[in-house]
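These are my notes on one chain, taken in the order in which I looked things up. I began with the surface charges, then turned to the pairs, the nonpolar surface and the confidence.

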Amino acid sequence: MRWVILTLIALLGLLQYRLWIGEGSVEELYALRAQIQDYRNEIEHLRSRNLALAAEVEDLKTGLEAIEERARSELGMIQRGEVFLQVIERQPGERP
């Protein structure tokens with residue numbers, strides 16, 4: 001009878017070890033849940049970024065205002081009849 005009790009205690013200890021420390025433990029479960037939440041947050045961020053990019057692509061396909069804005073800001077282009085003025089600020093201590 002004594003060996004049965006010792007065997008059951010050893011088995012209980014082994015199961016407790018696996019539950020709290022070993023592979024598939026509670027700690028690993030919490031880590032995996034946190035990782036899943038991180039992935040969900042990243043997916044949501046990427047979805048919103050994709051929506052913004054899709055809206056920008058659609059605007060570039062259909063609207064001339066977006067193309068004009070890009071040409072002005074990125075390429076420094078101006079329309080006919082406009083005058084381009086460039087202001088150069090002097091650094092403190094710089095001579096004219």
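I noted the rule for patches: residues with over 30% relative accessible area and no salt bridge, like charges joined within 9 Å, nonpolar side chains (Val, Leu, Ile, Met, Phe, Trp, Tyr) within 5 Å. Helices are DSSP runs of H or I with at least four residues, numbered from the N terminus.

I then checked one member, Asp59, which sits in helix α2. Asp59 counts as partly exposed because its relative accessibility is 38%; the classes are buried under 20%, exposed over 50%, and partly exposed in between, with a 1.4 Å probe and protein chains only. The areas come from the Shrake-Rupley method.

**Basis of the model.** I am reading a predicted model, in which local features need pLDDT of at least 70 and side-chain atom pairs count only at pLDDT 80 or more, while totals for chains, interfaces and linings use all residues. Residues are numbered from 1 along each chain as its sequence is written, and side-chain values use heavy atoms, with hydrogens and water left out.

**Salt bridges.** I counted a salt bridge where a side-chain nitrogen of Lys or Arg is within 4 Å of a carboxyl oxygen of Asp or Glu. The count by this rule is 4 salt bridges.

In one of them, Glu56 meets Arg70 at 1.7 Å, N to O. Glu56 is in helix α2 and Arg70 in helix α3, so this pair ties together parts 14 residues apart in sequence. Glu56 is partly exposed at 30% relative accessibility, and Arg70 is partly exposed at 33%.

I next looked at Glu68 and Arg72, whose side chains meet at 3.1 Å, N to O. They are 4 residues apart in helix α3, so about one helical turn separates them. Glu68 is partly exposed, with a relative accessible area of 32%.

Arg72 also forms a salt bridge with Glu82, with the closest N and O atoms 2.9 Å apart. This pair links distant parts of the chain, 10 residues apart: Arg72 is in helix α3 and Glu82 in the segment after α3. I also recorded a network in which salt bridges that share partners join Glu56, Arg70 and Glu74.

**Nonpolar patch.** Which residues make the nonpolar surface patch? I listed Met1, Trp3, Val4, Ile5, Leu8, Ile9, Leu11, Leu14 and Leu15, with an area of about 990 Å². Trp3 belongs to helix α1 and is exposed, at 63% relative accessible area.

**A distance.** Glu44 is partly exposed at 48% relative accessibility.

**Confidence.** The chain averages 85, and 98% of the residues score at least 70. The mean is lowest in helix α1 (residues 2–20), at 81, and highest in α2, at 92.

Notes
Helices (H or I, at least four residues) and strands (E, at least two) are DSSP runs, numbered from the N terminus. pLDDT is the predictor's confidence in each residue, from 0 to 100. Accessible areas come from the Shrake-Rupley method with a 1.4 Å probe; for residues, only the protein chains shown count as cover.
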